[in-house]
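Here is a brief report on aromatic contacts and charged side chains. Please read it alongside the model.

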Amino acid sequence: MKLKDVVELLDCTIFTPENYKEDYDLNYGFGSDLMSDALMLLRTAPEEFFEEGMLLTGLVTNQSIRTAEMLDFQVVMFVRNKKPSQAVIDGAIESGIMLLNTPYSMFSTAGKLWEKGVRGVSDL
């Protein structure tokens, strides 16, 4: 799924237009507010999961950006219409991360993505 289609599907706001790549192929996703759970992906997920994946979270802090950076996720989407501070946006810009938000809950966001073929780590 192209990121531009995700943005349309989920009514996203783009916080880092300078990093935004509308033709980015998004095939995988992982959702959590616990960054320690996200870091556990390093043990099990193949490289393409991160190269074509996205982190969904409601944690609107630099910790989310740093975790995405460590995992090589290029996209972080904040759910529940959470809005990052300018410091978080600046960190994402510096790290080359595409930062988005959606008004939907994490459950609804994951379901909408699943319906369009985006899969999770347990589906690999």
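## Aromatic pairs and charges

A search of the whole structure finds four aromatic pairs. Rings of Phe, Tyr and Trp (its six-membered ring) pair if their centres lie within 6.5 Å; planes under 30 degrees apart count as stacked, over 60 as edge-to-face and the rest as tilted. The rings of phenylalanine 49 and phenylalanine 50 are edge-to-face, because their centres are 5.6 Å apart and their planes are at 90°. The rings of phenylalanine 50 and phenylalanine 73 have centres 5.4 Å apart and planes at 65°, so this pair is edge-to-face. Phenylalanine 50 lies in helix H4 and phenylalanine 73 in the loop between helix H5 (62-71) and strand E4 (75-78), so the pair ties together parts 23 residues apart in sequence. Helices (H or I, at least four residues) and strands (E, at least two) are DSSP runs, numbered from the N terminus.

This is a predicted model: local features need pLDDT of at least 70, side-chain atom pairs count only at pLDDT 80 or more, and totals for chains, interfaces and linings use all residues. Residues are numbered from 1 along each chain as its sequence is written, and side-chain values use heavy atoms, with hydrogens and water left out.

Tyr28, Phe49, Phe50 and Phe73 form one aromatic cluster. Phenylalanine 49 is buried, at a relative accessible area of 0%. Phenylalanine 50 is buried at 6%, and phenylalanine 73 is buried too. Buried means under 20% relative accessible area, exposed over 50%, partly exposed in between (1.4 Å probe, protein chains only).

Now the charges. The count comes to four salt bridges, each a side-chain nitrogen of Lys or Arg within 4 Å of a carboxyl oxygen of Asp or Glu.

| Salt bridge | N to O distance |
|---|---|
| Aspartate 25 and lysine 2 | 2.8 Å |
| Arginine 80 and aspartate 33 | 3.6 Å |
| Arginine 66 and glutamate 69 | 3.2 Å |

Aspartate 25 sits in the loop between strand E1 (13-14) and strand E2 (28-31), and lysine 2 in the segment before helix H1 (3-9). They are 23 residues apart. Aspartate 25 is partly exposed at 37% relative accessibility. Lysine 2 is partly exposed at 29%. Arginine 66 and glutamate 69 both lie in helix H5, three residues apart, about one turn of the helix. Arginine 66 is partly exposed at 33%, as is glutamate 69 at 35%. Arginine 80 is partly exposed at 37%, and aspartate 33 is partly exposed at 35%.
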